[in-house]
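Me: I am new to this structure and would like a close look at a single part of it. Please take me through the place where the two chains meet.

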Amino acid sequence: MIENRPWLTFASHATLLIGIALVALPVWMALVASTHPASAFGVGHIPLWFGDAGAETWGTVLFEKAGNGVDTPVWFMMLNSLIMALGITFGKIAISLLSAYAIVFFRFPFRNLCFWIIFMTLMLPVEVRIVPTYEVVANLDLLNSYTGLTLPLIASATATFLFRQCFLSVPGELVEAARMDGAGPWRFFFDILLPLSRTNIAALFVILFIYGWNQYLWPLLITTDDAYYTLVMSIKRMLSVTDGDIAWNQIMATTLLAMLPPVAVVIGMQKLFVKGLVDSEK
Amino acid sequence: MTDVILEKVGKTYPNGYHAIPSVDLSIEEGEFIVLVGPSGCGKSTLLRMVAGLESISTGELRIRGERMNDKEPAERDIAMVFQNYALYPHMTVYDNMAYGLKNRGMPKAQIAEKVSDVATMLGLTELLQRKPRQLSGGQRQRVAMGRAMVRDPKVFLFDEPLSNLDAKLRVQMRVEIRQLQRKLGTTTLYVTHDQVEAMTLADRLVVLNKGKAEQIGTPMDLYNKPATPFVAAFIGSPSMNLINANLTEQGVKISEALTLPLSHAFRGGIVWGIRPEHLEVSDEQNADFALRIQAVESLGAETLIHGKLETESGHGEPLVVRLSGPHLPDINSLMWLRAPVSHWHLFDANTQQRL
């Protein structure tokens, strides 16, 4: 629908600008705050323009220990977060691809039951099953390990469902043509199915990476060793100092750093993401 | 040498549906066999059983003497062209054609040579680096055929390959398929519901009806001597006039007033048939019967006249006459017709077999 009404254009642009301001203002304030000394926040007004302590704050945040009881530098926690997020993302994609492949293309008893059981786990996110999951992970001796951070979060009903829908739209003749061409199950999976679901995988990658990166409760629960702290949970930890000044400037800088990877992933994969959710080339 | 043998091949689905009771067919090397029939007659199922995409419930399939029932499609040394082409959308034309060879472990240089040979033959050389979605329907069809041809299979299988093309292209591709097949000399099994396609392509036709092979023979056999009323009606366009009648001492009794003289030993209910092109216009004295004209289709080269047999009660059987050249008779007028005995087809009404 194309309409040519000037006030409508004006109104829609105004709405968008307000929206941008709402989203961007806190980010802007965090950026500004990171350039002021920590004491600047106690005095009653909030600075809106850059101060002169920027180099010092960022230097501390990037290269020294995070402080406030956290003994690892921020870059190291970023690395931990990255390992966890990527582990969860790739694990989820691999497992969902395989389970969707089995459910769609293979005939075995209770196929549909299997699918619905997987589907029902949608109702059981980590927060709901956190105590038993913790128990299992603890018994397996996986506390304070990357495996413990990622493995319990890898099963994904959403991704399985998405890939199932994607595979169901693959025409049956294509499967048969591949069979005639002598492609066994693995060949078919890697040569035909994976390239065909490329855009869906990319779209899921974006969603799952952000999901993995933003994990808070689970890492908080199972890591007690500083070497495995992730960035998102550490920000909270940096806040909880008993008396003494909270280093707001450092916290703001860390927050900005924590926002960077998801933003980079979204921007970098924007095209594929939209394509994967909207169109199908089959 | 007999290339493909279907021996009492039957298909029963797990839900108990008896799609194909039993089909016997032996195909000579290099022969072009067309399976034809109305939709739902089991022709595609039969082809897919030969391809190995459907299991064979009963009977045996042999290709070059080797039992194929339990072999994977890729091991049967066959190639299939699908109705929707089934090209891999993410691969170039070259990769589409090369994929089957790659899976067989053929060396790369040899693959390149084979693909370029076939591409030259089909006029696809300039398109080799394109993706299927950048091709027109006819070009996709060619690529699908090329993919089948590079593998040098013992048998080609075609599953209604032309039904997605427009009418003009269909005629062109039909001729092309026939020429290619002659040139390559590969045994071919071709499924279609279009009887014109079937007649023009086939060395031999198999007319299927409800999973049963009604008749197997050359196109002219089927046209001249259809074995059953079903084949008679299916082959030829417009289809044969078939009228239920009785064979008595006087001849073929079509209605109370109309009996066509014939001496035949058979007595009882029959189906009497004559093709529209075999009816002749005549004058009143020599005519066998009169036709009350209801509709005229003028096609220039020929004219189709639809009408009803003229009877006292006014409930005559519908009949079509095909005349060459333009004719413009009046609607509702009477037309006198002769039906030469030599062109009659008689079928037993009970057994549906030719007399």
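Reply: The model is predicted, and in it the contact takes 16 residues from chain A and 26 residues from chain B. Between them the two chains bury about 1,900 Å², with 55% of that area lying on carbon and sulfur atoms. On the side of chain A, 40% of the area buried against chain B is supplied by A:Glu173, A:Met180 and A:Asp181, which is more than any other three residues supply.

Turning to polar links, 11 residue pairs are in polar contact between chain A and chain B, and three salt bridges are found across the interface. B:Arg48 forms a salt bridge with A:Glu176, where the closest N and O atoms are 2.7 Å apart. In chain A, the helices α8 (172-180) and α9 (185-196) each supply at least two residues of the side that touches chain B, and the largest share, seven residues, comes from α8(A).

As for chain B, four of its strands form an open antiparallel sheet in the order β2-β1-β4-β5. Because β2 (18-28) and β5 (66-67) of chain B stand at the edges with a single partner strand each, one side of each is left without a neighbour in the sheet. Seven bridges join β1 (residues 2-12) of chain B to β2(B), the two running antiparallel, and B:Thr12 has B:His18 in β2(B) as its bridge partner. Helix α1 (residues 43-51) of chain B packs on this sheet, touching β1, β2 and β4 (58-63) of chain B, and its direction makes about 120 degrees with that of β1(B).

Conventions. Residues numbered from 1 in each chain as written. Chains lettered and ligands numbered in written order. Predicted model: local features only at pLDDT ≥ 70, side-chain atom pairs only at ≥ 80, totals over all residues. Heavy atoms only, no water. Contact = heavy atoms within 4.5 Å. Buried area = accessible area lost by both parts, 1.4 Å probe. Salt bridge = Lys/Arg side-chain N within 4 Å of Asp/Glu carboxyl O. Polar contact = N/O pair within 3.5 Å; in protein donor to acceptor, adjacent residues only side chain to side chain. Pairing = 2+ DSSP bridges. Axes fitted to C-alpha atoms, helices over the stretch in contact; angles between N-to-C directions.
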